[in-house]
Amino acid sequence: MVSDGDESADLSWLLNDDETQLSPRIQGRSNEDVASTSSLMPHFLAMGFAREMITKAIEESGDGNSESVLDLLLIYSSLDGTTSRNEDKAESDENRWEDDASSDFDEMDLELEMAGQDSISNKLQFLVKMGYDQDEASSAIQRCGENASVFELADSIYAAQTEKEEEFGDCDPSSAHEQKDEDKYDPFLHDHKRQRFDDGASSSHRNNNQKHGHLKWAYGRPSTTIRRHEGGGDDDREAELFLPNSMVGFGLHPKRQLSRELPDVAQCPPFFYYENVALAPRGVWDTISRMLDDIPPEFVDSKYFSAACRKRGYIHNLPIANRFHLKPVPPQTILEAFPSNQAHWPEWDKRTKFNCLQTVVASSKLTEQIHAELKAHPNPPSPDVMKRVMKECRKWNLIWIGQNRVAPLEPHEVEFLLGFPRDHTRGISRTERYRSLGNSFNVDTVAYHLSVLKGIYPNGIRILSLFSGIGGAEVALHRLGIKMTAVLSVEKSLSNRNLLKSWWKETGQEGELQEVDDVRKVDDAILECFIRRHGGFDLVIGGSPCNNLTGSNRLHRVGLQGEHSSLFYHYYRILSRVRYLMGKH
């Protein structure tokens with residue numbers, strides 16, 4: 001995903017001037033009588049939209065613009081019932097937890113390390129005190145190894161527990177690589193006249209009898225109250241446990257489900273793939289899922305693909321069976337990725353993974369302060385000094401470059417961790433490089449999801465890439481060996497567009513790359529031109545800005561109502577128009 005700078009999103013197609021939230025207000029203005037007598041009114045009434053809603057849409061878009069009216073009606077229908085941004089303040093504050101769900105476990109690991117109690121027996125005892133069964137804890141240590149952190153062990157236990165939950169279904173390991181019928185999807189077998197919007201009607205309206213209850217994810221807040229039964233009796237004990245999110249998606253765990261049922265509407269071309277931060281404010285993923293065919297998110301942490309954590313949610317209609325990893329498999333730990341730094345790595349720094357790679361890095365002033373503090377203390381330093389230093393190292397992903405000396409990762413090192421070629425972002429300022437990389441896809445994670453397309457499109461794929469950034473999706477497809485015959489890339493940043501064009505040329509791509517500088521400019525004319533020229537889109541991919549969703553943005557973490565993250569609604573709008581226009585051809 002890519003940050004869209006400081007310019008506010010233009011939501012005039014969705015909001016009144018005096019509206020402050022993305023909730024459909026259908027009260028008419030002074031010209032309500034004009035709208036109610038519009039020639040468009042009977043047309044949209046026949047589709048089943050409410051008269052008040054049509055009136056509101058006509059007032060916003062004008063009597064003569066049927067396409068804009070339809071766009072608004074689709075938005076209004078999908079937003080109907082969405083949780084208001086003005087929820088109870090106490091409940092909202094309760095859910096403002098850190099973007100890094102492992103922070104509590106980091107503190108636990110750090111306390112054990114500082115006390116010199118990070119042995120197997122002490123880790124086992126610590127997990128049991130947290131409320132885990134001793135057999136579960138022992139099995140986790142066997143699976144993960146003696147050097148695994150408490151966080152990794154707890155994550156492994158939780159993953160094993162969720163396998164047994166009904167919502168994930170039963171999976172026969174002997175058929176783990178067999179693709180079930182309901183998950184098979186070949187766009188060439190579909191009738192391209194089958195439209196998601198029959199004559200423009202929204203899927204939300206056509207499926208308004210479907211159950212739209214609050215989605216129950218297997219991934220919640222890290223603070224989870226569970227009830228443990230002792231001795232099978234009635235004397236129950238409630239304990240507050242801090243459980244990490246088990247973000248292994250489909251197929252990463254040996255017994256994780258390898259099939260799923262998609263709503264009928266999601267089985268129409270094209271494929272789509274949407275990404276954003278997993279730990280978003282309350283209700284965000286409910287809303288995104290509701291608008292994207294009621295498909296629950298697939299949550300994946302990139303720590304299973306690389307030496308850095310990155311917790312992300314993905315909503316898509318891709319098959320989930322027969323995925324495969326990019327080769328060669330990247331290093332899975334910090335010192336595997338950067339072996340030359342091992343000589344300077346102190347024994348008391350037990351990190352094996354970096355935290356989420358962000359858009360900013362530590363200042364030279366901070367690294368100088370750390371150097372001065374360590375130099376002034378004996379080696380090893382006191383537990384208090386260790387704890388302070390490790391807190392900053394974890395927060396800023398600092399790496400040891402000499403005795404008592406730490407430094408932030410260099411841009412080319414971040415490129416390596418994210419799966420981009422070396423110097424992919426070279427040519428722009430250092431600050432821009434960090435910002436662009438921090439907002440990009442993790443290539444190995446995305447390639448794992450997109451790998452199923454290789455057998456479906458042996459002759460090449462046509463892509464609509466929204467919020468393209470530095471081209472993470474394009475790099476992933478290229479590394480998978482999937483030919484891109486045509487790409488319509490939409491990206492606001494000029495420097496990012498230049499980087500993508502340079503990579504496109506340097507890698508000898510033979511397909512056509514067309515660029516648009518703003519998702520708000522993508523209209524039917526642009527889409528129809530591409531469809532006529534290339535026959536349609538096979539994949540719509542992108543991740544809208546996370547500026548107002550991430551836990552590190554305390555001042556403007558307002559969810560999808562934020563000026564940047566509200567651009568998600570354009571992803572939905574454009575996907576809707578692509579489906580409708582492709583159905584006409």
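Helices (H or I, at least four residues) and strands (E, at least two) are DSSP runs, numbered from the N terminus. The model is predicted: local features need pLDDT of at least 70, side-chain atom pairs count only at pLDDT 80 or more, and totals for chains, interfaces and linings use all residues. Residues are numbered from 1 along each chain as its sequence is written, and side-chain values use heavy atoms, with hydrogens and water left out.

**View A. Ala337 in helix α12 (residues 334–337).** With a relative accessibility of 12%, Ala337 counts as buried (under 20% relative accessible area; exposed is over 50%, partly exposed in between; 1.4 Å probe, protein chains only). Leaving aside residues up to four places away in sequence, Ala337 touches Ala307, Pro331, Phe416 and Leu417 (contact means heavy atoms within 4.5 Å). Leu417 is 80 residues from Ala337 along the chain, and their C-alpha atoms are separated by 7.9 Å.

**View B. Helices α15 (residues 411–418) and α16 (residues 430–438).** The two helices pack at an angle of about 15 degrees, with axes 10 Å apart (axes are lines fitted to C-alpha atoms, for helices over the stretch in contact, and angles run from 0 to 180 degrees between N-to-C directions). α15 and α16 are therefore roughly parallel to each other (angles under 35 degrees). On the α15 side the contact is made by Pro411, His412, Val414, Glu415 and Leu418, and on the α16 side by Arg430, Arg433, Tyr434 and Leu437.

**View C. Strand β4 (residues 298–301).** Glu298 and Val300 on one side and Phe299 and Asp301 on the other are all buried, covering both faces of β4. β4 pairs with strand β5 (residues 311–316) in the antiparallel sense over four bridges (pairing needs at least two DSSP bridges between two strands). Gly313 of β5 is the bridge partner of Phe299.

Definitions and conventions
Angles under 35 degrees count as roughly parallel, over 145 as roughly antiparallel, 65 to 115 as roughly perpendicular and the rest as oblique.
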